[in-house]
Amino acid sequence: MLVQVALPVPLYRVFDYSVSTDSNVSSNVSLPQIGSRVEVSFGRQTLIGIVVAHIAEADSSVPSGKLKPINKCLDAEPILDASMLKLAYWLARYYHYPLGDVFGVILPTLVRQGKPLDLLITHWRILPHVSDDDFHANAKKQKQQFDMLKLHGERGASEDVLLLEGMERAFLKTLEEKGLIERYIEPKQAPTPVTLAKMPLDLNEEQQQAVNAIIATHEAQRYTGFLLNGITGSGKTEVYLQVMQAVLEAGKQVLILVPEIGLTPQTRARFASRFAAHIVLLHSGMNNTHRLQGWQDCRTGHAQIIIGTRSAVLYPFADLGLIVVDEAHDGSYKQQDTLRYHAADVALYRGVQYNIPVILGTATPSLEHLKLVDDGKLIECQLSTRPGNAKPAPMQLIDARLQSTHQQTTDDGARYDTGLTDAMIGAIRQTLEAGDQVLVFLNRRGYAPVLLCEACGWQADCPRCDAHLTVHYNSQSQYSSYLKCHHCDWQAYIPTVCPDCGSQNLDAKGIGTTRLSENLHAIFANPQTSKELYPIIQIDRDTTRRKDSWENIYQRINQGDPAILVGTQMVAKGHHFPNVTLVCLPNADRGFLSADFRSPEHTAQLMIQVAGRAGRGDKAGRVLIQTLQPDNALLLKLVKDGYLSFARELLQERKMMGLPPYTHAALIRCEGKTLAATMQALKDAIAILPSNHNLAVLGPIDAPMSKKNSRYHAQLLLLAKDRRQLHHVLGHWWQPVLALPSAKYLKLTLDIDPVGW
Ligand code: ADP
Ligand code: ZN
Ligand code: ZN
């Protein structure tokens with residue numbers, strides 16, 4: 001017998017190797033099992049791959065004299081079971097991606113590097129002779145960390161538990177070096193059954209119906225996809241929790257996908273307060289060791305509740321019983337490089353694999369998911385009210401054409417525009433004076449989006465991209481003032497004179513979160529002392545970059561004192577700020593004017609999500625939308641009739657225009673040193689399309705922002721009425737395209753079901 005191995009090389013094939021019984025080769029080489037790792041020679045390299053099949057030597061296309069033996073078998077047992085291999089094959093087929101590279105995406109780095117997978121975990125305990133007297137009076141922090149370990153008694157505790165409790169790795173090390181504590185290794189215990197830590201809430205009727213329907217499929221061990229379509233604050237999480245309870249009590253694992261890393265600690269707290277269970281967090285901020293641990297916990301069944309971002313949907317599970325995709329409409333579920341999968345689609349596939357329910361929860365379903373409901377592929381459960389007395393905050397338009405935005409005067413008498421109407425400012429003041437919090441949403445970080453010369457019209461552009469440089473300006477510190485490209489991170493000093501005409505009349509145009517925060521400060525500070533009366537808390541990628549900064553901000557907000565929160569889309573997602581009663585959107589409706597056909601859908605989702613932050617506590621909330629286009633039909637539809645009827649109208653439009661989800665798309669992107677070369681490769685690609693392809697072919701054209709990071713991008717779009725037809729053509733065409741002579745030095749990528757073009 002031979003083994004077929006998927007190797008991490010960008011080739012659409014697997015490789016045959018023999019299994020030598022040569023006594024020189026390490027003794028554990030019998031026939032490696034399907035789903036285990038082997039080390040092989042490949043050309044001059046040594047690679048680690050996954051055994052995907054056993055075949056008879058006679059069936060191999062490689063002549064037996066040329067067959068190479070595997071070097072080493074790394075696992076005695078398969079590390080991937082049949083369902084994981086099936087998933088890998090499906091991903092490779094559906095996304096037209098090389099199987100070996102699929103494993104490269106699925107497997108954590110350390111697994112790919114061949115690290116042994118054992119089930120041992122590090123514990124720490126205090127050495128017997130050690131007492132409190134071994135600490136210097138000034139080693140306070142050490143003593144405090146030591147005391148935390150002491151609480152666990154003689155046997156100490158696992159490193160995971162200690163880190164969760166707030167011990168720091170560095171201190172464990174210091175204490176070890178000082179001979180006060182030691183580590184020891186223990187095999188992992190089987191998890192204890194999940195118990196309830198807190199009683200479930202009494203459900204309202206709609207929640208109960210949803211819970212019953214989902215639990216019924218769980219009990220019948222059947223796959224069903226549910227669209228849990230509940231307005232913001234309607235208690236979707238309570239539905240998840242009560243379905244989870246049934247699934248966990250049956251001894252099965254639950255996977256919860258969330259869109260953002262910022263959400264994971266908060267989500268964890270909510271689940272931990274309901275269930276005493278082993279909860280594992282999976283997100284991109286983990287180091288390799290933690291990722292491996294999490295992967296192992298999922299695979300062996302130690303993890304009972306798994307909360308993760310997109311890639312967690314690709315993990316192996318011992319006994320999965322439920323998948324929840326929270327905020328299922330969120331764009332971050334689509335991977336935008338390498339294997340361009342959509343986590344919600346993969347979740348549904350895995351639901352079918354395991355015969356389990358999958359819940360897609362959202363207040364603003366994507367048009368794709370609404371179409372699946374229409375096609376009978378998802379069951380819709382609606383939650384149309386908020387529990388108790390809480391009412392969804394009404395949305396109100398402010399016509400910014402009728403009242404100009406408020407002007408403010410600087411110390412030296414210059415006047416500037418704050419970007420906020422007096423009506424909005426008045427509402428903010430009223431809210432703060434009533435002791436509540438305000439959220440102002442502006443989806444643009446930095447100080448201003450453009451630096452402009454008033455004399456000649458010069459604008460500061462990125463030398464590497466088709467984009468303006470964003471002004472990052474800090475009036476307190478010139479060191480934190482600079483120009484930056486938000487696409488390639490290129491940075492420059494802010495010039496004092498125009499590089500084209502020498503004029504000093506340079507002006508930052510437009511408004512980002514930093515500038516808005518400054519303007520709000522100027523408006524709301526004590527006019528005599530210019531001291532801050534209300535904290536202004538800026539929440540964007542710049543202010544939350546540092547580890548823990550988001551948690552600190554979160555705590556500050558949840559203390560509940562009156563404050564103004566200024567945030568980008570980071571604040572739109574699922575956060576619960578009980579004291580926010582006013583949400584302001586000074587220019588959120590711009591997206592309705594964009595050329596991208598998906599922009600209205602995404603703009604509306606964002607607006608509704610942000611609006612949903614208002615009035616989530618006991619007090620009623622309201623939402624103010626400042627607009628320069630108060631009679632825009634889409635905006636009016638959204639404000640008057642709500643998201644669902646807005647979305648239904650868009651869906652109708654897409655149908656009429658033959659756009660997704662009524663057609664199926666594949667986007668081919670080509671990247672290279674010149675635009676001409678990328679266009680040529682795509683033209684050559686069209687030339688080799690099979691003659692009866694039956695697809696709509698759009699392009700090639702320059703990609704939006706065609707120059708990025710000094711590289712040029714062109715694109716080609718294929719649209720098909722029938723999904724199978726599209727995949728049939730791609731199956732025959734895509735590999736020859738990659739082999740085109742004109743594509744040789746270019747990067748070609750294929751995006752199935754793209755979310756933007
Ligand atoms: P969503 O996720 O739909 O935006 P949440 O799940 O955060 O909404 O619920 C909003 C609030 O309503 C939470 O404070 C939650 O505890 C509360 N809640 C949910 N269901 C109920 C219920 N049946 N009875 C009372 N309070 C509830
Ligand atoms: Zn100029
Ligand atoms: Zn750039």
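Start by selecting arginine 711, which is partly exposed at a relative accessible area of 25% (buried means under 20%, exposed over 50%, partly exposed in between, with a 1.4 Å probe and protein chains only). You are looking at a predicted model, where local features need pLDDT of at least 70, side-chain atom pairs count only at pLDDT 80 or more, and totals for chains, interfaces and linings use all residues. Residues are numbered from 1 along each chain as its sequence is written, chains are lettered from A and ligands numbered from 1 in the order written, and side-chain values use heavy atoms, without hydrogens and water.

Arginine 711 sits in strand β33 (residues 711-720) and glutamate 671 in strand β31 (residues 664-672), so the bridge ties together parts 40 residues apart in sequence. Helices (H or I, at least four residues) and strands (E, at least two) are DSSP runs, numbered from the N terminus. Is glutamate 671 buried or exposed? With 17% relative accessibility, glutamate 671 counts as buried.

Next, select lysine 509 and glutamate 454: their salt bridge has its closest N and O atoms 3.3 Å apart. This pair links distant parts of the chain, 55 residues apart, with lysine 509 in strand β26 (residues 506-509) and glutamate 454 in the loop between β22 (450-453) and β23 (470-472). Lysine 509 is partly exposed at 34%, and glutamate 454 is partly exposed at 37%.

Technical notes: Salt bridge = Lys/Arg side-chain N within 4 Å of Asp/Glu carboxyl O.
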